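The following exercises are to be worked through with the sequence and the 3D structure at hand. Each task is followed by a solution in steps.

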Amino acid sequence: MDFAEVVMKRRAVRRFEEGGVDRAVIERIARLAQRTPSAGFSQGQRLIVVVDRERRREVARICGEAEYEPVFGPWISECAAQFIPCVSEGIYHRRYQEPDKIQDDGTEIDWPIPYWWVDVGATVQNVMLAAVDEGLGCGFVGTDAAGWRALRRALGIPAEFAPIGVMPVGRPLADVRSPSLKRGWVPFEAFAHWDGWQA
């Protein structure tokens, strides 16, 4: 597929075949996920890839799959792999305290935007697009605070890293589209503003 086709085919998939994807394909997606930008080349992003069926079920339980099942089925657990992007704010702070990044007065920059969230968002997008390029589908699910803590415990995620969600990836099956899609896309003219914000 060319890049435009990959982008246009990307959508949130919420139903997959169980397994059925070679480990090499899953690894290619993971390797492309690593090739994302990071402020100061801090590389504060990490990725957990869950392929074990029982562990996938545990992750899905933590993410509240039972609440989704009446509409979407067991879409979080039944997949080929779950990708869990994580990010460390601390890695960014340490990087920007290094000699080539500190300010003239010897202090770390002020962070008006927490760019670690921007960078891990790029990791998420790479997983989504790489999955589509492999002929697969990808979804995304978050969890509440209790689930977030349980996810960290279940996967042994170090305290420094925040998992931002779970991305089931696999061979897509016919699924129920989100009712939110009825909202439609914002018109392009309202989305893109040329040479300044136009009302």
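**Exercise 1: Charge over rings**

The charged end of R14 sits over the ring of F72, 5.0 Å from its centre; identify a further ring over which the charged end of R14 sits.

Solution. The model is a predicted one, in which local features need pLDDT of at least 70, side-chain atom pairs count only at pLDDT 80 or more, and totals for chains, interfaces and linings use all residues. Residues are numbered from 1 along each chain as its sequence is written, and side-chain values use heavy atoms, with hydrogens and water left out.
Step 1. Apply the criterion: NZ of Lys or CZ of Arg must be within 6 Å of the ring centre and within 35 degrees of the ring normal.
Step 2. The charged end of R14 also sits over the ring of W75, at 5.9 Å from the ring centre.

**Exercise 2: Aromatic pairs**

Describe the geometry of the pairs that W111 forms with Y92 and with Y96, and state which residues the ring pairs link into a cluster.

Solution. Step 1. Rings of Phe, Tyr and Trp (its six-membered ring) pair if their centres lie within 6.5 Å; planes under 30 degrees apart count as stacked, over 60 as edge-to-face and the rest as tilted. The structure holds seven aromatic pairs.
Step 1. Y92 and W111 are edge-to-face, with 6.4 Å centre to centre and 80° between the planes. This pair links distant parts of the chain, 19 residues apart: Y92 belongs to helix α5 (residues 89-95) and W111 to the loop between α5 and α6 (115-133). Helices (H or I, at least four residues) and strands (E, at least two) are DSSP runs, numbered from the N terminus.
Step 2. Y96 and W111 are edge-to-face, with 4.8 Å centre to centre and 75° between the planes. Y96 and W111 both lie in the loop between α5 and α6, so their pair ties together parts that are 15 residues apart in sequence.
Step 3. Y92 and W111 are both buried, as are both Y96 and W111. Buried means under 20% relative accessible area, exposed over 50%, and partly exposed in between (1.4 Å probe, protein chains only).
Step 4. The cluster linked by ring pairs consists of Y92, Y96, W111, Y115 and W116.

**Exercise 3: Helix α7**

Which residues of helix α7 (residues 145-155) are buried, and what covers them?

Solution. Step 1. G147, A150, L151, R152 and L155 are the buried residues of α7.
Step 1. Their cover includes β1, α3 (53-62), β2 (81-87) and β4 (162-163), where contact means heavy atoms within 4.5 Å.
Step 2. After α7 comes G156, with a positive phi near 65°.
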